Amino acid sequence: MNQTYHNFDQETKGWVDLIQPRVPSTKLTVDVNAKWVVVGAGYTGLSCARRLAELHPNEKIFLIEAREIGQSASGRNSGYAVAHSHFSGGYQKTQLENYQRIDRINQSGLKSLKSIIENNQIECDYKDSGIYHLAADKNSSEESDQFVDYLQKRQIEHIELSKDQIKIELGTNWYQKGVKVKDGALVQPAKLVFGLADSLPSNVELYENTPVLEIDMGRVSTIKTPSSILKAENIIMACNYEPIAKGKLKQRVVGVTLSGSITRVLSQDEFEMLGSESSWGVLSLHSGGATVRLTEDKRISIRNTAEYNNHRLLNPKQLKNRQEIHRQAFNNRFPELSHVNFEHLYSGVEGVTANKTNIFKRLSDNLFYAGCYNGSGITKGTAFGLAMADYACGNDEDLVHDCLSIAEAKWLPPKPILDLGAWYITKQRFKGVGKDR
Ligand SMILES: Cc1cc2nc3c(=O)[nH]c(=O)nc-3n(C[C@H](O)[C@H](O)[C@H](O)COP(=O)(O)OP(=O)(O)OC[C@H]3O[C@@H](n4cnc5c(N)ncnc54)[C@H](O)[C@@H]3O)c2cc1C
């Protein structure tokens, strides 16, 4: 097995640039023998390493990260920690078990995050105030009605919102209708992932800037990094869309690149032009629609592009072009704030499968892989990390059963057909997006 996306791209823009820099932990430069190695320190790997440390307090858990904490999707996302997923297309009775299972997974992740944040006093602007799901155009308005029906049938606490009510709460006339789901939290993603990394139990050894280049599998496997060799009894890959495994698994995940912009801090007068809520997060009821947030520090963030860019971040020229799309969406929603400049511009890559499922798998006796959450991985990734630790230790937990019951990810063809297919599927996400973008 070896890693083919060798060049681990990083760029410090966006959420990480809004906060105090963090000193990364050192690279691994010596050879070690390890019982447990977790590869990748996003939400999945951090959660998995923490749980392994709890299960094996006398063992060292090695957590090996190619980049610096905060540079992967876990530090670049929009910060919606959902308790309830939105399944488009309306309630289907036959899917009830699936809905319930996915929400149990979301809620396990949310509960775990909340307790880690509280116990370690992680300052990450965590706000338990629910999440808006709004519609600006015809298709999404129909989806809004279907989502309300779904929430009613599932008895999930929510508030239906008219155009006027949205204007009162958020200060924008752009949306036609929507719903606020009461469970669910907002976070500053970079602050959260920094806090999770800096509060790991003392028996977790985190090494950053240490890409795993190759794994030779055996009863004890050999993991090669640029300056070290690890002999590992058990390996958990938590590396999202960059799995090191060759062959069938790699063929089931692609990286889709998203981009967004964040304004400067609004003045008090500008802030008062907005609605009654002091901070909020809007998810679109169209799959290609914008996610828009008013952050705790009074900035507006908007993310509304997604494309297949060969699993890579966008380059500066691409980013500049995408910012025109962010600007248009911002001006549509907040014409009275159109003078407010964007201070931050960023992209991030999320792991996507063709049939929108996730991966939770034992690949061989001592090799496991958890990841790929199709744009919804804060709570799910945390839950998958927890469950993977238990699964790898042979523990019979309900959460493990829930994660094992998810649908198998569909096989994807090799390049160049993969590239074409991924490009096409990503484009389809915007079909009929209209004013929701
Ligand atoms: C712009 C954007 C917005 C999003 N918004 C939301 C949102 O609002 N809510 C939500 O729930 N989700 C959102 N997501 C998705 C969410 O961010 C991801 O699902 C989640 O972060 C995945 O966590 P992870 O730990 O599995 O993967 P990652 O965060 O990608 O972490 C995997 C880690 O593995 C490391 N790695 C890879 N290969 C190797 C190797 N060979 N050796 C060592 N390390 C390696 C990587 O460097 C990386 O740090 C968004 C994603 C993006 C990009």
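Colleague: Among contacts in the protein between residues at least 6 apart in sequence, what percentage join residues at least 24 apart?

Modeller: Bear in mind that this is a predicted model. Two residues count as in contact here if their C-beta atoms lie within 7 Å. Taking the contacts between residues at least 6 apart in sequence, the share that joins residues at least 24 apart is 79%.

Colleague: Thanks! And why is the protein described as being as compact as a globular protein of that length?

Modeller: The protein has 11 helices and 18 strands. For 437 residues the globule rule gives 22 Å, and the protein is close to that value, so it is as compact as a globular protein of that length.

Colleague: What does the C-alpha trace span along its principal axes, and what percentage of the residues is buried?

Modeller: The C-alpha trace spans about 65 × 50 × 45 Å along the principal axes of the protein. To count as buried, a residue needs 20 or more other C-beta atoms within 10 Å of its own. Of the 437 residues, the buried ones make up 50%.

Colleague: I noticed α3 and α9 meeting. Are their axes roughly parallel or roughly perpendicular?

Modeller: Two packed helices are described by the angle between their axes and the distance between the axes. Here the axes of α3 (residues 96-119) and α9 come within 7 Å and cross at roughly 85°. Angles of 65 to 115 degrees count as roughly perpendicular. That makes α3, relative to α9, roughly perpendicular.

Colleague: Which residues of α9 does α3 meet?

Modeller: By class, the contact of α3 with α9 has 5 nonpolar, 6 polar and 1 charged residues. On the α3 side are I105, N106, S108, G109, L110, S112 and L113. Their partners in α9 are T379, K380, T382, A383 and L386.

Colleague: Now C124. Is it buried or exposed, and which residues is it in contact with beyond its neighbours in sequence?

Modeller: C124 sits in the loop between α3 and β4 (131-135). With 23 C-beta neighbours inside 10 Å, C124 is buried. The C-alpha atoms of C124 and Q188 are separated by 5.3 Å, although these residues are 64 residues apart along the chain. Leaving aside neighbours within four places in sequence, C124 is in contact with I117, V187, Q188, K191, L192 and G195.

Colleague: What about L200: which residues does it touch, not counting those up to four places away in sequence?

Modeller: L200 belongs to the loop between α6 (189-198) and β8 (204-207). It is buried, with 20 other C-beta atoms within 10 Å. Not counting residues up to four places away in sequence, L200 touches A49, R50 and L206.

Colleague: And R303, which residues does that one touch?

Modeller: R303 is part of strand β15 (residues 300-307). With 25 other C-beta atoms within 10 Å, R303 is buried. Setting aside residues up to four places away in sequence, R303 touches S78, L258, S259, G260, A290 and T291.

Colleague: One last point: is the peptide bond from K415 to P416 cis or trans?

Modeller: P416 has its place in the loop between α10 (398-404) and α11 (417-428). The omega of the bond from K415 to P416 is near 0°, and the bond is cis.

Note on methods:
Residues are numbered from 1 along each chain as its sequence is written. This is a predicted model: local features need pLDDT of at least 70, side-chain atom pairs count only at pLDDT 80 or more; totals for chains, interfaces and linings use all residues. Helices (H or I, at least four residues) and strands (E, at least two) are DSSP runs, numbered from the N terminus. The radius of gyration is taken over C-alpha atoms; the globule rule is 2.2 Å times the number of residues to the power 0.38. A residue is buried if 20 or more other C-beta atoms lie within 10 Å of its own, exposed if 12 or fewer, and partly exposed in between; C-beta atoms are placed from the backbone. Axes are lines fitted to C-alpha atoms, for helices over the stretch in contact, and angles run from 0 to 180 degrees between N-to-C directions. Angles under 35 degrees count as roughly parallel, over 145 as roughly antiparallel, 65 to 115 as roughly perpendicular and the rest as oblique. Ala, Val, Leu, Ile, Met, Phe, Trp, Tyr, Cys and Pro count as nonpolar, Asp, Glu, Lys and Arg as charged, and the others, Gly among them, as polar.
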